[in-house]
Amino acid sequence: MSVDPASTARPLPVPGPRITTAAPHPPAAAAPPGGRAAWAAWSIGVSAYFLAVIHRTSLGVAGLDAAERFGIGASALSTFSILQVLVYAAMQIPVGLLIDRHGPRKVLLTGVLLLSAGQLAFAFSSSFAPALASRAVLGCGDAMTFIAVLRIAARWFPAAKNPLVVQLTGFAGMGGNLVTTVVLAQALHSEGWQATFTTTALLGIGVAALLALFLREAPPVAAPVAPPGAGPAAVTVADLPVVPAVADLPAVPAAEPPAAPRSSVRSQIRDSWQEPGTRLGLWVHFTTQFPGNAFGLLWGLPYLVEGQGMTRGQAGGLLTLLVFSNMAFGLLFGRLLSRTTKARMPITLSVIAVTGAGWAVALAWPGAHPPVVLLVVLILLMGSNGPASLVGLDYARAHNPVGRLGTASGIANMGGFIGTMVTLFGIGVLLDALSPAGAGSYSAEAYRWAFCWMYVPLAAGTLMILRLRRKVAP
């Protein structure tokens with residue numbers, strides 16, 4: 001029996017890729033890279049938050065000037081900050097949803113433009129109603145900055161580094177507060193109302209250009225990289241196109257499967273709220289932030305000047321000390337939280353306890369005139385309030401998926417500003433109630449009893465934290 005030579009001949013080599021049956025090397029899961037590019041993106045984003053804090057705190061050094069310019073008392077003066085904070089708090093959930101759907105870059109740009117428009121209108125307002133409306137616009141723009149920067153940080157930095165980056169974001173915001181207390185306060189006296197607030201408004205042009213031209217809100221998607229020494233990539237059998245048999249072809253071309261539907265706004269908010277970590281974050285933010293916030297935003301300067309008899313320069317110095325203390329606590333808490341998440345609750349409860357105790361001693365001091373040393377200690381303690389409130393945002397970030405991180409952060413970030421609004425309003429009403437009608441200033445005794453109002457939101461917030469802490473992992 002003869003053998004066909006063709007059946008034993010070796011086939012000629014065919015040019016083309018080498019074919020193997022080995023499984024392809026799986027690409028590594030995409031993870032936030034960190035590094036210089038991350039810090040560059042964060043720095044550009046945080047410039048908008050830095051500017052927002054300058055605008056937000058500008059009324060804190062202009063409160064007495066505003067009362068004189070618009071001819072208003074304590075209740076009406078507190079309405080400026082209350083409305084600004086109310087708009088800020090009310091915008092947090094809508095802003096979070098916008099960030100989740102459209103990205104932080106567009107939201108930051110919109111926020112900077114609204115900040116500049118509001119501050120410019122405030123500069124040229126000569127009566128109460130237009131000035132009030134301009135502060136509402138400013139509050140709307142302010143609301144769009146902080147959680148947008150946090151979303152950029154979450155996309156660029158590894159999870160273990162996020163608590164430190166959040167605290168550094170707050171640190172940068174305190175830099176804006178420092179500009180207010182040092183530069184803006186001096187400019188109000190040397191340059192006047194219109195020139196000072198107009199110049200502040202025009203700073204937004206530069207920040208908007210920086211965001212539009214250079215901000216990258218997320219790292220680029222990296223292509224899979226072959227392991228070192230692997231040589232030319234091999235093409236597997238699975239990589240080759242498959243030619244179907246005629247019988248396998250469908251009679252009618254199949255339609256592409258529809259894209260997965262986005263969560264509805266209602267379900268996005270509901271799912272974020274039902275997560276206990278989000279609610280705990282809100283109450284931590286509420287309870288820790290409002291004492292220092294209310295003091296720095298509005299009532300600190302009047303209390304120190306009218307209630308304690310200090311000059312504006314001395315009061316401004318103590319407010320500057322509040323900013324430096326805030327920065328120092330931000331660095332300390334950021335280090336602690338980046339090492340262990342178990343530090344969250346001890347930091348929260350310690351800050352609440354020392355703030356409450358510090359104010360108790362100051363308000364109970366005979367004659368309602370505590371010594372300057374005690375006021376310095378109290379202000380140093382209140383410097384811990386802002387950094388501790390960021391622990392609330394860390395709870396929200398750690399207990400929610402990335403897809404609803406903006407919404408959850410917005411919910412948690414409402415807390416401190418709701419507490420601030422309640423405190424500003426309560427102190428203003430009590431000051432008017434405890435003073436003679438038409439009084440041009442308020443006594444130390446009136447400030448003493450009005451500031452006691454702070455213990456109402458402090459107690460309510462502490463009870464909610466103790467109730468929710470059992471439902472949330474450290």
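Buried residues are those with under 20% relative accessible area, exposed ones have over 50%, and partly exposed ones fall in between (1.4 Å probe, protein chains only). The structure is a predicted model, in which local features need pLDDT of at least 70 and side-chain atom pairs count only at pLDDT 80 or more, while totals for chains, interfaces and linings use all residues. Residues are numbered from 1 along each chain as its sequence is written, and side-chain values use heavy atoms, with hydrogens and water left out.

On to the cysteines. With a relative accessible area of 27%, Cys452 is partly exposed, whereas Cys140 comes out as buried at 16%. As for disulfides (a pair of cysteine sulfur atoms within 2.5 Å), a search of the whole structure turns up zero.

Ser134 sits in helix H5, residues 128-142; helices here are DSSP runs (H or I, at least four residues), numbered from the N terminus. Ser134 counts as buried because its relative accessibility is 3%. Setting aside neighbours within four places in sequence, Ser134 is in contact (heavy atoms within 4.5 Å) with Gly118, Ala121, Phe122 and Ser125.

Helix H9 (residues 265-274) has Ser267, Gln268 and Ser272 buried. These residues lie on the same side of H9, because they cover an arc of only 130° around the axis, taken from the directions from the helix axis to the C-beta atoms. An α-helix has 3.6 residues a turn, so residues three or four places apart point the same way. Over on the other side of H9, Arg266 and Gln274 are exposed. The cover over the buried residues of H9 includes helix H3 (74-102), helix H10 (276-307) and helix H15 (405-433).

Notes
Helix = DSSP H or I, 4+ residues; strand = E, 2+ residues; numbered from the N terminus.
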